[in-house]
Amino acid sequence: MSSQTLQLTTQLANTRGLHPTQQWLTAFMSTQKTTTPIPALTQTALFRLLSSDITTSLSTDAVHCLPANVHDVNIKERHLQGPIVLQLVGMEDMSKSRWEQIEAIEAMERGEGTKGREIIRVTATDEDDGSGTNVNKGGGPHKLSLQDARGTVVYGMELKDIQGVGLGMNIGCKMVLRNAAVARGMVLMEPANSTILGGKIEALHNAWKENRKTELKAAIKASERRG
């Protein structure tokens, strides 16, 4: 490993908890100039990693992933030391009705957000700056479907408001867990143990929006038939 690559991996690990695979690093470094300053190189690598599918870009070493038995409901509580990087693959606002969730998704598609009860226009910069922090906060708690580098998916429940978590989050958004509790298979999330890095996987994001609306509408119809 070259000195430049070593400095890059150290920066990504120490500042963001990201541990890219050797294959990803080799492919990335082959597109970069050897004279590129480390800060600029790190920013470029970070942007690409946040836009990637972590199941193909990040290390699958056990220390960087969820435990194999993370879903075991017989384990009352344990803590994940981390850092463990996860990507968002689905979410639900537990305080909103199905129709309200559909309306929120459609508002974001139109480039609209909310400020109190007022509907406002969100510019492209405000809506998605890559930080993952400009979302429709309010409501909650939120239940997140989170995936690690091995492809293991686990539910995370927001116990306290976390900056960057809300309807309008990008699917594929990356986050880091540090010393997070897992209670009977559910990750318990709060600001002290969960950090949003940002990012988006465009194809997954668009597919989730359409599938989620279809699921919500189907659930509404099923409920109406039963009623």
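How many bridges join strand E6 to strand E9, and do the two strands run parallel or antiparallel? In this predicted model, strand E6, which covers residues 153-158, is joined to E9 by 4 bridges, and the two strands run parallel.

## Strand E9 and its partners

Within the parallel pairing with E6, Met-157 has Leu-188 of E9 as its bridge partner. Strand E8, made of residues 180-183, also pairs with E9, but here the sense is antiparallel and the pairing extends over 3 bridges. In this second pairing, Ala-181 has Leu-188 in E9 as its bridge partner, so that Leu-188 is named as a partner both of Met-157 and of Ala-181, as follows from the cut-off by which two strands count as paired when at least two bridges are found between them.

Strands E8 and E9 together form a hairpin, with 2 residues between them. Arg-184 sits in the turn of this hairpin and has a positive phi of about 50 degrees. With a relative accessible area of 45%, Arg-184 is partly exposed, because that label covers values between 20% and 50%.

## Backbone angles that stand out

Most residues other than glycine have a negative phi, and most peptide bonds are trans. Against that background, a few places in the backbone deserve attention. Besides Arg-184, whose phi is near 50 degrees, there is Asn-179, which is not a glycine and yet has a positive phi of about 55 degrees. Pro-83 belongs to the loop between strand E1 (78-80) and strand E2 (84-93).

## Salt bridges

The structure holds 5 salt bridges, and the table lists some of them.

| Partners | N to O distance |
|---|---|
| Glu-92 and Arg-212 | 3.9 Å |
| Lys-160 and Glu-190 | 3.8 Å |
| Glu-202 and Lys-200 | 3.6 Å |

The side chains of Glu-92 and Arg-212 meet in a salt bridge, and this pair links distant parts of the chain, since Glu-92 is in strand E2 and Arg-212 in helix H7, 120 residues apart.

Another of the salt bridges is formed by Lys-160 and Glu-190. Lys-160 lies in the loop between E6 and E7, and Glu-190 lies in the loop between E9 and E10, so this pair ties together parts that are 30 residues apart in sequence. At 51% relative accessibility Lys-160 counts as exposed, while Glu-190, at 24%, counts as partly exposed.

Glu-202 forms a salt bridge with Lys-200, and Glu-202 counts as partly exposed at 44% relative accessibility. Salt bridges that share partners also join Glu-92, Arg-212 and Glu-215 into one network.

## A positive patch on the surface

Arg-98, Lys-217, Lys-221, Arg-225 and Arg-226 gather on the surface in a patch of positive charge. Which element gives the most to this patch? Helix H7, which runs over residues 202-226, gives the most, with 4 residues. Arg-225 has its place in helix H7 and is exposed, with a relative accessible area of 66%.

## Two pairs of residues across the chain

Leu-50, in helix H3 (residues 38-50), counts as buried at 8% relative accessibility. The C-alpha atoms of Leu-50 and Gln-87 are separated by 9.1 Å, although the two residues are 37 residues apart along the chain. Thr-195, which is found in strand E10 (residues 194-198), is partly exposed, with a relative accessible area of 38%. Between the C-alpha atoms of Thr-195 and Arg-178, 17 residues apart along the chain, the separation is 8.4 Å.

Definitions and conventions:
Residues are numbered from 1 along each chain as its sequence is written. This is a predicted model: local features need pLDDT of at least 70, side-chain atom pairs count only at pLDDT 80 or more; totals for chains, interfaces and linings use all residues. Side-chain values use heavy atoms; hydrogens and water are left out. Buried means under 20% relative accessible area, exposed over 50%, partly exposed in between (1.4 Å probe, protein chains only). Patches are made of residues with over 30% relative accessible area and no salt bridge: like charges are joined within 9 Å, nonpolar side chains (Val, Leu, Ile, Met, Phe, Trp, Tyr) within 5 Å. Accessible areas come from the Shrake-Rupley method with a 1.4 Å probe; for residues, only the protein chains shown count as cover. A salt bridge is a side-chain nitrogen of Lys or Arg within 4 Å of a carboxyl oxygen of Asp or Glu. Lys and Arg count as positive and Asp and Glu as negative; His and the chain ends are not counted. The place of a charge is taken as NZ of Lys, CZ of Arg, CG of Asp or CD of Glu.
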